[in-house]
Every structure is written in C-alpha cells, then in structure tokens.
Amino acid sequence: MSDFGENVEDIEALQSNSVISTTFQETVDDQENIFRPKFLKDFQGQPQLKENLAIFIKAARERNDALDHTFLIGPPGLGKTTLASIIANEMGSEIKLTSAPALEKPKDLAGILTNVTEGSIFFIDEIHRLKPALEEMLYIAMEDFEIDWVIGQGPAARTMRIPIPHFTLVGATTKAGQVSSPLHSRFGITCHLEFYNVEELSNIIRRSSKLIECDISEEAITILAKCSRGTPRIANRLLRRLRDFATVLGDGTIDQIIVQDGLTRLAIDPNGLEKQDRNILSTIINFYGGGPVGASTLCISVGEAIESLEDFYEPYLIQQGYLIRTPRGRCVTSKAYKLLGLAVPENVNEYYTTIT
Ligand code: ADP
C-alpha cells in the first residue's frame with residue numbers, strides 16, 4: 001500500500017466511481033428473486049456440477065481462501081446468476097453483480113475492483129461482451145490482484161499498480177466461443193450448465209409453486225415441465241402465467257385443464273415450442289428448401305434479432321433435433337417436417353435424418 005499514501009485522492013475518486021457496482025439483491029428482477037435458490041441443496045439438477053462446486057467451495061473455506069475464479073457457461077435461464085449468488089452464500093461472502101455491456105470505461109471496472117472485499121464474489125454477466133481494454137485490466141486483477149491505473153495527465157502521468165483484495169470473479173456467458181482464450185484460461189473452475197430434464201423441472205415447479213403459495217396438480221406439473229424448454233426460467237414464467245389463468249378462469253388451482261387451456265392461449269405446443277419456433281422451421285422449409293440458410297438471412301426473414309435466434313430459439317431446436325447447424329448455415333431435419341405436418345422430402349440429407 002506504500003504508493004497509496006500520496007495518491008489517496010485519486011484512489012478515493014476511483015472508488016467512488018462504483019455507480020454500476022450494485023449488490024445482487026438490488027439488481028435482479030424481483031419476481032425471479034422469489035424463486036432463486038439460496039444454497040446448493042435447493043439448486044435442482046446439474047448433479048456433477050453441483051458436486052464438484054460443493055467440493056471446491058468446501059476446500060476454499062477450509063483453507064480460508066477465496067474460491068478460484070469461476071466461469072459459468074450455458075444458455076439463458078439455466079441458473080448462472082443463481083449459481084453466482086449461491087457461491088456467495090455458501091462462501092459466506094458478499095456479491096457484487098454487473099454485466100459486461102454496463103461496463104463502458106476502464107474506470108467503471110476499476111471502480112468496482114477497488115471496492116471489492118477480501119473473498120467477495122464479483123459477478124460479470126455476458127462476459128463475452130467485455131471491451132478489450134477492460135479485459136486487459138481484468139487479466140491483471142484476476143492473476144495478480146492488482147490493477148494498473150494512470151495517475152495524472154500529460155508528461156506528469158505515470159502508471160501505478162494498485163493492490164486489490166483477493167476476490168473471486170464469476171463470469172457468465174451464453175457464448176463461450178466468443179470469450180478470448182487469455183480470459184478463458186484465467187478461470188480456474190469452468191462449469192457447463194445443461195438443459196434440465198422433466199423430473200428436474202418438475203421439482204423446480206413444485207418448489208416454486210410452494211413459494212408463491214399456488215396449488216398445482218401433479219399432472220399439471222408434468223405437462224408444464226415438458227413444455228419448459230429444459231429451462232427453469234421458462235418453467236417459473238409459465239407457472240406465473242398459469243396462476244393468472246387459474247385465478248381468473250378457475251378456482252385458483254392449476255390443474256390439467258387450466259394448463260392445457262393456458263398453453264393453447266399462449267400458443268405453446270406440448271413440446272414447449274412457441275409460434276416463433278414453428279415460424280423459424282417453416283421459413284427454412286418454405287423459403288430455403290429446408291436449408292442451409294445463414295443466420296442473418298434467417299433473422300431478417302423471421303423478424304428476429306440474431307441474439308434471440310442464437311441464444312433462445314436455436315439451442316432448444318437443435319437440442320430437440322429439429323434443426324442443425326452446418327458450416328454453410330442452418331438446416332431443418334425430418335423431425336421438423338413431421339412437426340409441421342409436411343411430407344418429408346426424399347432429399348433430406350442422411351446426415352440430417354440420423355440425428356432426428
Ligand atoms: P441465467 O443467469 O443462467 O440466465 P438465472 O440464474 O437468472 O439464469 O435463473 C433463472 C430463474 O430460474 C431464476 O428464477 C432461478 O430461480 C431459476 N433457476 C435456475 N436454475 C435453477 C435450479 N437449478 N434450481 C431451481 N431454480 C433454478
């Protein structure tokens with residue numbers, strides 16, 4: 001801390017720049033917050049990930065160390081933000097939460113880094129969108145627990161290394177491929193989140209319905225779980241919408257009839273596919289002969305942003321075997337023709353049909 005003394009004002013100015021550094025509780029959607037498990041024992045599914053994480057957390061706690069920097073990879077709504085808060089709770093430390101697009105300038109990041117406390121969790125969502133200058137600052141912070149900061153201006157300017165407490169960076173991304181390898185390699189723990197199965201989603205819906213004190217039948221839970229696209233956020237969102245239908249159109253209980261009626265009203269089919277999913281598949285078939293078609297062309301045709309296509313629609317369509325990505329573009333499979341009630345053409349490539 002020796003360099004600190006003469007530049008106390010600079011450091012204080014930096015620390016007060018933590019406008020975007022907020023606590024977890026302040027930033028997240030309140031409705032999602034109700035459902036968010038606080039400890040690993042309540043986090044459903046992802047058994048191997050949970051087991052490993054529990055061991056790493058226990059080991060860090062026993063050594064009285066900060067947890068190694070942790071990288072969470074997976075489609076939206078699978079629990080990355082939730083896991084970050086669970087890590088903080090399990091470590092008994094505080095969490096600061098931000099997202100890469102909110103960090104505009106190096107001083108935004110420096111403001112947070114100079115405010116972190118020993119062993120605390122710093123969560124950056126969408127870390128693949130971090131600007132290169134900020135990424136470089138993060139490398140030093142992650143590795144050496146210091147930041148480089150330029151003090152003064154003009155000929156008097158000089159770089160100063162500011163020590164920062166040992167913190168844990170938890171970075172989350174839906175696009176691991178877009179994260180530079182120097183950044184990727186600085187994470188000691190990497191967790192890939194997978195889509196959830198029907199049983200795991202049923203457990204999530206059962207738990208969430210208790211939290212919002214809503215009666216729901218077991219049959220209704222199973223139907224809801226099946227059309228939640230393997231995603232807890234969608235399961236919870238559907239539960240809230242169906243509670244609305246049950247309140248207004250029924251006696252407050254979500255039963256099989258309310259679920260089936262509600263899903264029809266929301267244009268969601270029994271596999272969880274929405275109108276836009278079917279639109280994407282039928283556009284590839286009707287306009288591009290089943291594919292291949294490039295993502296940007298497809299987005300224009302269906303009026304969707306590329307991020308929504310790549311982050312929301314595609315992963316589930318691919319996972320369910322309706323769509324495949326090839327180097328030349330997106331192609332539908334025979335399963336997509338069958339879903340839309342169309343005859344499967346003979347020329348659907350063998351390669352495509354083998355995965356359906
Ligand atoms: P992400 O950050 O990956 O987009 P979130 O962590 O915000 O996803 O999770 C979205 C919602 O799903 C939250 O309300 C959370 O409570 C719920 N959720 C996610 N994963 C689980 C899980 N494994 N068990 C229970 N609820 C979960």
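Reader: Is Phe-287 buried or exposed?

Author: This is a predicted model, so read each value as computed from it. Exposed means over 50% relative accessible area. Phe-287 has 63%, so this residue is exposed.

Reader: And what about Tyr-288?

Author: Tyr-288 has a relative accessible area of 27% and is partly exposed.

Reader: How do I read a pair of aromatic rings?

Author: Now take the case here. A search of the whole structure finds 6 aromatic pairs. One of them joins Phe-145 and Phe-167. Their ring centres are 5.7 Å apart, and their planes meet at 85°. Over 60 degrees counts as edge-to-face, so that is the name for this pair.

Reader: Where do Phe-145 and Phe-167 lie?

Author: Both sit in loops. Phe-145 is in the loop between helix H7 (132-144) and strand E5 (146-151). Phe-167 is in the loop between strand E6 (158-163) and strand E7 (168-173). The pair therefore ties together parts that are 22 residues apart in sequence.

Reader: Are Phe-145 and Phe-167 buried or exposed?

Author: Phe-145 is buried, at 14% relative accessible area. Phe-167 is buried too, at 1%.

Reader: How are the rings of Phe-287 and Tyr-288 placed?

Author: Their centres are 6.4 Å apart, with the planes at 50°, so the pair is tilted.

Reader: Which residues do ring pairs link into a cluster?

Author: Phe-122, Phe-145 and Phe-167.

Reader: What sits over the ring of Tyr-139?

Author: The charged end of Arg-186, 4.3 Å from the ring centre. Tyr-322 has a charge over its face as well: Lys-335, at 4.9 Å from the ring centre.

Reader: What is a disulfide, and how many does the structure hold?

Author: A disulfide is a covalent bond between the sulfur atoms of two cysteines. The structure holds 0. Cys-191 is buried, with 6% relative accessible area. Cys-214 also counts as buried, at 8%.

Reader: How many residues surround the ligand?

Author: There are 18. The closest are Gln-44, Gly-77, Lys-80, Thr-81 and Thr-82.

Reader: Which backbone atoms lie by oxygen atoms of the ligand?

Author: Glu-32 has a backbone N or O atom 3.2 Å from a ligand oxygen. For Phe-35, a polar backbone atom is 3.2 Å from an oxygen atom of the ligand. For Gly-77, a backbone N or O atom lies 2.7 Å from a ligand oxygen.

Reader: How much of the ligand does the protein bury?

Author: Taken alone, the ligand exposes 560 Å². The protein buries 97% of that.

Technical notes
Residues numbered from 1 in each chain as written. Predicted model: local features only at pLDDT ≥ 70, side-chain atom pairs only at ≥ 80, totals over all residues. Heavy atoms only, no water. Phe/Tyr/Trp six-rings, centres within 6.5 Å; stacked < 30°, edge-to-face > 60°. Helix = DSSP H or I, 4+ residues; strand = E, 2+ residues; numbered from the N terminus. Buried < 20%, exposed > 50% of the residue type's maximum accessible area, 1.4 Å probe, protein only. Lys NZ or Arg CZ within 6 Å of the ring centre and 35° of its normal. Disulfide = S-S within 2.5 Å. Near = heavy atom within 4 Å. Polar contact = N/O pair within 3.5 Å; in protein donor to acceptor, adjacent residues only side chain to side chain. Areas by Shrake-Rupley, 256 points an atom, 1.4 Å probe, with all protein chains shown as cover.
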